[in-house]
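Subject: Structure handover and notes

Dear colleague,

Please find the structure below, together with some notes that I hope you will read with the model open beside them.

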Amino acid sequence: NNAMLVDNSADINCVISSFVDGFFQANGQSCTSTRRLILHCDIYNEVLDKLIKYFQQIKFGDPLEDGVLYGPLHNKTAVENFEKAIDEVKSQGGTIEYGGKSIDCPGYYVEPTIVTGLSHDADIVQKETFAPILYVLKCSNVEEGIKWNNEVDQGLSSAIFTQSLDKMFQWMGPG
């Protein structure tokens, strides 16, 4: 249940580019896909707006075709798990900012999805769905973001985006 923590000093264009690599890796079906984006409150709206605009222009289809970034899920069960997760998001009070639906075409396609409005410790945010669902969380400071990053039971990778060496070392922990 991997996270990217983004401090208010971060280079936003670098964040978007890096996020795309982490999120679309295997269409969210990898153990190391980015699932949680923890944003400092000062940059939350700017990053969320840029992500939505980016998602709106994504081309889906056969990943062997030029220009296709986003392919299918691997089977019907993966689509069903995605749909169950979207139902949980809604029942827990989340907002679907983008996506949230299965795509009616041959194959196992779903819309890559951006979710806001959930608490960092909501059950669905803590769950690893193995689907292209991003939970965008708003934190007040790096300390809070680090706590949220570390509170999940599973998480093979994470990252911090900051231009502050102090915050970077804080992220790395005592050493």
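A word on terms before anything else: a residue is called buried when its relative accessible area is under 20%, exposed when that area is over 50%, and partly exposed in between, as found with a 1.4 Å probe on the protein chains only. Helices (H or I, at least four residues) and strands (E, at least two) are DSSP runs, numbered from the N terminus.

This is a predicted model, in which local features need pLDDT of at least 70 and side-chain atom pairs count only at pLDDT 80 or more, while totals for chains, interfaces and linings use all residues. Residues are numbered from 1 along each chain as its sequence is written, and side-chain values use heavy atoms, with hydrogens and water left out.

In helix α5, which covers residues 142-150, the buried residues are V142, G145, I146, W148 and N149. They cover an arc of only 165° around the axis (the arc is that of the directions from the helix axis to the C-beta atoms), so they lie on the same side of α5. The face turned away from that buried side carries the exposed residues K147 and N150. Among the elements that cover the buried residues of α5 are β1, β2, β5, β6 and α6 (165-172), where contact means heavy atoms within 4.5 Å. At the start of α5, a side-chain oxygen of N141 comes to within 3.2 Å of the backbone nitrogen of E143.

At the start of α1, a side-chain oxygen of D11 reaches to within 3.0 Å of the backbone nitrogen of N13.

How far apart are the end C-alpha atoms of α1? The expected span of a helix is 1.5 Å times one less than its number of residues. For the 12 residues of α1 (residues 12-23) that gives 16 Å, and the end C-alpha atoms are 16 Å apart, which agrees.

D7 is found in the loop between β1 and α1, and because its relative accessibility is 1%, D7 counts as buried. The side chain of D7 makes a polar contact of 2.9 Å with the side chain of T162, and another polar contact, of 3.2 Å, joins the side chains of D7 and K167. Leaving aside neighbours within four places in sequence, D7 is in contact with H40, I43, V142, F161, T162 and K167.

S9 is found in the loop between β1 and α1 as well, but S9 is partly exposed, with a relative accessible area of 27%. The side chain of S9 makes a polar contact with the side chain of T162 at 3.1 Å, while the backbone nitrogen of Q163 lies 2.9 Å from a polar atom of the S9 side chain. S9 and I43 are 34 residues apart in sequence, yet 8.9 Å apart in space, C-alpha to C-alpha.

**Two further residues**

T116 has its place in strand β4 and, at 5% relative accessibility, counts as buried. A polar contact of 2.6 Å joins the side chains of T116 and E97. Not counting residues up to four places away in sequence, T116 touches Y44, L48, G94, T95, E97 and V136.

F130 lies in the loop between α4 (123-126) and β5, and it has a positive phi of about 60° although it is not a glycine. At 31% relative accessibility, F130 counts as partly exposed.

How values were computed:
Polar contact = N/O pair within 3.5 Å; in protein donor to acceptor, adjacent residues only side chain to side chain.
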